[in-house]
Structures are given as C-alpha cells and as structure tokens.
Amino acid sequence: MLHWLVFAAFPIGFSMVLALYDWQIVAGTNRFVGLEQFQALALDRPFWNSMGNSIRYALWSVPMGMALALGVALLVAKPLRGIAFFRTLFYAPSVMSGVAISMVWIYIYLPEKGLVNSLTSLFGLPSVSFLSDPRWAMPALAFMGAVVGLGPRMVVYVAALLAVPPSLEEAAALDGASGWQRLRNVTLPMIAPTSLFVLVTSTIGALQLFTPIYLMTKGGPLDTTDVVGYHIYTTAWQKFEVSQASAQSCVALAVIGLVTWLQFRLSRKAIEGYSPS
Amino acid sequence: MRKLSVYLALAILAVAMVAPLAWAVLVSLHQPWSEIPEYGKLVPVQPRWDNYATVLFGTDLPVFRFALNSFFVCTVIVIGQVLVCSLGAYAFARLRFRGREALFALVLGSMMFGSTVTQIPVFLTMRQFGWLDTYLALVVPGLGSAFGVFLLRQAFLQVPRELDEAARLDGAGDWAIYSRIVMPMCKAAVATLAAFAFIGTWNDFFWPLIATTSLEMRTLEVGLSTFKNSYGGQNWPLQMAAAVIVVVPSLAVFLLCQKWFVRGAAVGSLK
Amino acid sequence: MTRRAALGWLAAAGLSPGCSLQRDSRRVVRLANWGGASEDNEFTRTVARLHREFERRNPGVRLEVEKIPGSQEYATKLVFSHISRSMPESPVMDASSLATFADNGLLADLSQLTPGPDFAWDDFWPNVKGMFAQGRAQYAAPIDFTPIVLYYNRAHFREAGIEPPRGAWSYDQFLAAAQELTQEGRFGLEMPNWIPGWITWLWNDGGDVLDPRGRKGSGWFDGEASLRALQWIADLFLVHKVAPTLSEAEATGVDYFAKGKASMQVSGHWELVGLQNASGIKMEDIGVMPVPSRSGEGSVTVMYGAGQSIAAQAKDPGDAWKFVQFWTGREAQEEYNASGIAVCGRLDVARSAAGRRPRYMEGKGTRDATDAEFAAHAVRERKFVEIVPSCRPPWGATVGDYVVVETICQKAMDKVLRNNVPVAAAARAAAQEIDRVLEPK
C-alpha cells in the first residue's frame, strides 16, 4: 500500500505541483509561476499536435486490433485438434521485447526490400516508404500495434466466447439464422462487456505508445507520429523542460481519464440498448 | 469442409505471424555488414552462426552485464510483486477498514496510466534518494502493481471464508491465515502474477531508459536499443542476431508458463 | 529438467549477480565517449591498451568507459546524466555541443587546475584549443579534430577520366563531375541528411543557419543565399539524382562509398578508420579534397573536435585531471592517433602524422600499410593539414541550444528530401522554430 502511495498516488500530486513551477533542471534554478505553464501549454501547437496524433493512433489501432482479435478468437475458440498450438503462436508476439519487435518491423516497412513492399511489388504496386511518408506512417504503426498486441485481446475474447452458452447459438441456428446473423445477434451482444473491457484497455494502452516511436520514427515524418508519450519524453529528457513536461502529463492524464469515462458512458448505453431484444 | 477452411485461415495467419521472425533469424545468419538480402537469397549459403558469438562476446558492449542486470531485476521484481501485491490484495479481500472500497477503486484507477504520467515525479524522487543509476531505481518502483493487486484479490475472494473462520477459532492471526491458507490455495494466481511480472519487467524499455545512464546498469532491452542505434540502418545481420538473443529468454519463459498467461489475461475481463 | 526446476534455476541465475558483484577498492574514473557497439578491432584494442597503461601508472584508479551512440544524442544523454547526478567524471566533449555544457556550468575549468610537469597548454593547435574555451575558462584539452572534407574514390575518377582539382571545385564543376560519375549501380555522391555534412554547402554559398551573432535563424536559414544552397542540395538528390535518396539508402542498408557504390562522400577524418575494412574501395584509392564552394574560390569548411573534459560534478577531480593529461599527452596520442581517427590536437603529433606508416586493420588482425598505401596516406594527411586554416568552429561551440537547432534543420531537410515540401516553406518554418528556441529564457 505504501508502495502504491509512493509510486502511483504521490507522483500525480507531485506532477501537478511541479507544473506550477518553472524549473530549469539543468541550470538548477526554480521559481513559482502558478498556472503559467498551463497557459503556455494551451497555445503550444506541437503539444496539441501530439495529442491529436495519439488520438488518431488510437482511432486507427483500437478498432483494427479489436476486429483482428475478435476474428482470430472466433477461429481459435473452436474445439479443433492442435488449436492450442495456434493460440500459443498468436500470443507469442505480445511477450516479445518491444525493441526487438520494432527492429523487425522497421524491416517489414522498409521501402523496396521490406516485406510489405516485396509482396505488393508482385502485384505491380509502387514501393511506399511507410515510415517516412506522412500519409502512411501512422496507419502503419497502428497496424503493427494491432498485430503485436493480438495475444491478450484474443485470449480475453476466447474466454468470453467459451462462456456463451452453446444452447443459445443452437436455438438461433434452429430458427434458421445464418452464421453471420448468429454472430451479430447472439454472440456479439453476449460478449459486449468483454468488448468494452478490451476497448478501454486498448485505448489506454494506445494513448501511451512510446517504444515503437522512439525506435522507428522519432515522431516523424513531419511530426505525424509525434504521439503524446513521446512528446512528453522529448520535452522532459531531451529539451529538459521538466515543468512543462509535467504540465503536459497532467493534461494527458486528464484526457485519458476523460476518454475512458466517455467510453464507459457511451457503451453502457449501447449495451443496455442491445440486450432487451 | 468448414474445418478445412478454418485450418486454412489459421495457417495463413500463422505464416503471417511467423514470417517476420523467420526473416530475422535468417538475416541474422548472413555476413555482417552485408546488404539486406533479396528473397531468393534469404537462406544464407554459409550460415554465419558466429554472428551470435560476435554479438555476445565480440563487441565492446557489456552484453553479459546487460543480461545479468535483466535477470537480477526481473527476479527481484517477481518476488517483490508477489509479496507486495499479495499483502495488498489480502487487505482488500479480508480486512475491513474505512474507505476500503474507495481506496480499491483508486488503485484500480491507477492501472489506467503508466509511466507516461509518473515518469517525471518518480524520476525526481529517485534522484532525491540518490538511487538513479543503481539497482534500487530499477527495482523499487516496479515492486507493486495495481494489476497484481487486482488479480490476487479476485483469487483471494474465491477462497471460502469458512476456512479462515475455522482457523481463527484455532487462534490463527491474519499472518497465519495469509501464509497458511490463502496463499497456498491461490498458487495458480500467484504463478500468473509472477509470469506477467517477469515478462513485463524483461520487456520494459521506458523506465530503465530514464532511470539508468551508465552502460553498466542498462538492461538487455535498453542495451538492444543501444546496439540498434550504433548501427543505424546498417549491419542488419548483427542487429537481428542481437534481437533474437533478447527475445529468446522471454519466449522460453512464455512457453514454460503459457497456461498462466492465458489465465491472467482472461481474469482481467471478469470484473 | 522439470518445469519447476527450470524456473528455480532461472531465479537462482537471476539473483546471483546481486550477491557476487565484487567490489573493487580502486577509485573509479568514468570516461564517456561517443560510439556504440563495435566489433573488436585494432582501434578498440589500442584504446583499451592505453587505458590499462594509465591504470598501471596510477594503481589506485580504475577506468570505466561509457559509450553513447549517435553524435547528436551524445550531448543530450550527457546532460541527462548530469541531472541524474551520474555524469561520468571525464567525458569527451564534442566542440559542436560545448556551449550547452559550458553555459550551464556542467564542466570544470581546467585552467584552474595545476598541470603536471609534462603538460603544457601551448602544445595544442591554438584554434582547436579555442573551440573548448569560453573567455578565460578552458573546458577541455584537445584530443583531436577534423575538418569536413570531400572524399573521393581515385579508381572511379581514373575510369571516368576526371582529375581532382588543385584547390576546391566550384558547384558547377562538382555537379558536372558527379553526373559523369553517376552510372548504372553507382552514384556520384553519398550524402546522408546529417547537418555537419551539409552545412558547408550553405556557408560556401553565402548562407548560414544562424545570424553572425548566433541569436536567430530567421533572415538566415530562410535567407536568399541559404535558400539557394538548400535548393542546390535538394536538386542533387531530386533533380540530378547524383546521390541515392534517403529512402533508397535506407532500403539497401549499406554505406555506398565503402561498397564502391558512390564515388564521393562528405565526411570527416574518422571515415578512414571504417574504410580500412571496406570491400569496395582500397586505401590507396581514397583521395581528399576541400568541400566545393559556389565559385570555386575561398572554400570554407567546418571543424569538429573532441576534447577531454572533467565534470563539475566530479567529487574528486584529481584522478580525472591525471587522466586528461595522460590522454592528451604525446605518448598516448602518438599511439592513439596512429589509428587514423582524426588529426591530432597536438601540434607535434599532427605534423609528424604524414611521415608515420599507418597500421591497418585486416579482419581481426593488423598489418603495416603497403608502400602505395603509405604514399596515399601521406598525401591525404598533408591535405588535411592544408585545409585546417579554412576551418570555422561549429556553431555549437558558442551557441548553447545548437543541438536543438541541428535537429530542426535536419527535420526541415527531411521534409524537402522525402516529402516534397518546397525548400522555402520548410526553411521558413524551421527558421521561426529556431528563433523560438534561441529566445532568451
């Protein structure tokens, strides 16, 4: 408990206090400036750009990741021979080193010789520099996030799918519902709470992206992948504007909280609307 | 027929998931500093297994020190998290105190944000203690985990209360109930937590990156990024050999502890 | 082995270093230098040998080396270690980021320390020493330095029938040669987006990144002369296609010049170390000339230098000071400089370099240079010394936030080279950002 106080609760409070100062950590001067940092932040376009990028990343990667996880879960929830092998295989990337994964994905996205470009060139498509083209960098990173983070989401969905009473599906089948209709009208509503859980956790994760940005794009091209996690890092530890970075983290925390709260509100309504039928 | 198409889909997915890794392993066996191979030449004519030796012994980075640091930090954090989280979970599951629910909600809430928000204050705290660039900075902030408390509390709640009441009649205190009844009955949950703690710590990049500055204190994960940065976009064979070396231990732990991973990930959703 | 045994073993292995970390009773001096993972070679062995020699002479002291990859990350990482209160006692200073350290009081003033009998400040090139000084304070003792030059592959020049100039080329002469040299599978020039490598194109066209006092970027980086120079650089890649584009270079993942796939390269003296093991160029074929200027007259270049400094944080600067004197002394420098990494900061060693037969790496061993290689070496070294008077110190020696300015400029160049942003727009945005960074706080 004490530990939690020191390393979770206290930092939040401390952040807020820090943000009220203008602390030049390199030179070692410090003075109280009240809310000036926040005022400066309000007009700080690079910061809001990074906020927007984070939200854009979440909007790309979360739906992709959820759809992929649900799709794969539907496949591996079937009682087939050897299915455990596939589950293990699909889970594996999420236990691997983020640095190693990023290094391999740099290759996947390389122009000309990368995995994706080699494949698309077979169909005569022109080579794309995924990580240095401002149109492609963000979707490319989001796709990577969706694939690499498949494991835990898939497992959660599998657990939920296995908990759906088979009798429900059978009843629907007897009524002549097609596979798609059964999925839409029976399975999905039954696992809606799980989807909410996956949605919330994936979004929170997406808003704190760091490692791939640090290793793959450094926020470029044209600042299109400068997400908030990376932006705070560079402000604090490369420009050494610690107080400004603290103010940024306070705002980031508020945004994450707000988004989570919104998701809970909206989806609760959606779930309620779904179930009575 | 249906089964066949499912298998087909699974196989395609499996190939897609494995291809990048297979590529990494194949490239790691090419001549150092050579160009990125074309598809036709992906399988090296003469596999250069000595690339792995070069990465481990041949560079002037203290690779073994990185590895020892990683193992040491992981081990201490695994043990620490099991202790800290189980005590916390026990309090939330068994003890009655004012504001318990509110506090638990707060702990859960703190699961929401990671190092993005806490990095600066935790860094400055460590600086104040003079712990930066020592094992203390690497280990201490990782000892607790809101996820762990949550996971173990769920497990502890499953232990029938009749058992501790019986024990209490025999004169057992909280400590005895915790150590003799609750913990032994929740071995599976504890194992799950340990597995997650290990992988989480092994793969943590952000905190060691800012908590340590000297090469001697870097973990493998940060060491790998140093390795990558020193070659930039060149020398893919050695880069990939290094990446494979870092991935292997965590994969091994994962394969040994798979079922606990599955359980841990699933528990989260059963709120 | 059962699973449990395996896990137990793992845990034991994990705990072992905690118990077995031996404590050495010697005092530690931590050195920092740029560089990262590098395979075992003659250079790293020479450095290690010299370090052991220092320890032998100073029995109570142990040296520890920190290597930080990326010349530009280096400064940031060091400042970061300062705020972590774990700055190495004796870091190597890059002249191009000295001001950041000096302005914030991160370094000790070496002129205040009492020198030993063998150490004299007059042994160094005055302008090199000057890069590490501010006012009366001297923040580092010079190790070595290099002007940025234009390397060329003599073999390619012979094939194409091109004569290198006596002095420097004009931009037009350079372009004509580069076009001549560019052919199937080979480029005239290799140039990464790295500002130390391309800033001379601005200087030699009347432009600059900052105003002469180093206070602002607007009117300079986006001024007429700089825009003309930036456009010229962009055209090399995008119009004349004499250099591999950034994404082409990324896709192949090789050093073109070293592979014999580019005929010229803008770089510093250190390049020669890596080229010793290059597969596409022979040591006797490596030529050096001044970087081109617009008219061919009055070529200026930038000088980068390394100096050994002492952290202000160092609890006991005595040991570090001993190391600084040892490292920049004649004995250590003669051996160190033989690696060919740069021009020595000491006048005596630098002047004799052309006459010393170099030793080259060969796989993991070494060999003496052949006669042909020795001759080429002597010509190159004399050329380097000849270029020194045309050297300007880098902006970072006097402008504290220049590291950030460099990043901004490189980003602007990236926009132009990769994303087809017009030069004027990219430069204007960058200049405004530079102004904001340099605003007095």
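Start by selecting B:Thr116, B:Val117, B:Thr118, B:Gln119, B:Ile120, B:Pro121, B:Val122, B:Phe123, B:Leu124, B:Thr125, B:Met126 and B:Arg127: these are the buried residues of α5(B). Keep in mind as you go that you are looking at a predicted model.

**Helix α5 of chain B**

Now widen the selection to residues 115-129 of chain B, which make up helix α5. Of its 15 residues, 12 are buried, so the rest of the structure largely encloses α5(B). Centre the view on B:Pro121, where the helix bends by about 25 degrees. Then step past the end of the helix to B:Gly130, which follows α5(B) and has a positive phi, near 70 degrees.

**Where chain B meets chain A**

Next, show chains A and B together. Here 76 residues of chain B are in contact with 69 residues of chain A. The two chains bury about 6,400 Å² between them, and carbon and sulfur atoms give 79% of that area. On the chain B side, select residues 2-27: this is helix α1, which gives the most to the side touching chain A, with 15 residues. If you look for charged pairs across this interface, the rule finds 0 salt bridges, while it does find 12 residue pairs in polar contact, both partners being at pLDDT 80 or more.

Pick out C:Ile83, C:Ala251 and C:Asn419, which supply 28% of the area that chain C buries against chain A, more than any other three residues.

The rule finds 1 salt bridge across this interface. To see a salt bridge, display the side chains of C:Lys411 and A:Asp223, which meet at 3.0 Å, N to O. There are also 3 residue pairs in polar contact between chain C and chain A, both at pLDDT 80 or more.

**Inside chain C**

Stay with chain C and select C:Ala137, in strand β5 (residues 137-138). C:Ala137 is buried, with a relative accessible area of 11%. Leaving aside neighbours within four places in sequence, C:Ala137 is in contact with C:Asp109, C:Ser111 and C:Phe132.

Finally, colour chain C by confidence: its mean pLDDT is 88, and 92% of its residues reach 70 or more. Over residues 16-22 of chain C, however, pLDDT stays under 50.

Methods
Residues numbered from 1 in each chain as written. Chains lettered and ligands numbered in written order. Heavy atoms only, no water. pLDDT = per-residue confidence, 0-100. Contact = heavy atoms within 4.5 Å. Bend = angle between axes of the 7 residues up to and from the residue. Helix = DSSP H or I, 4+ residues; strand = E, 2+ residues; numbered from the N terminus. Buried < 20%, exposed > 50% of the residue type's maximum accessible area, 1.4 Å probe, protein only. Buried area = accessible area lost by both parts, 1.4 Å probe. Salt bridge = Lys/Arg side-chain N within 4 Å of Asp/Glu carboxyl O. Polar contact = N/O pair within 3.5 Å; in protein donor to acceptor, adjacent residues only side chain to side chain.
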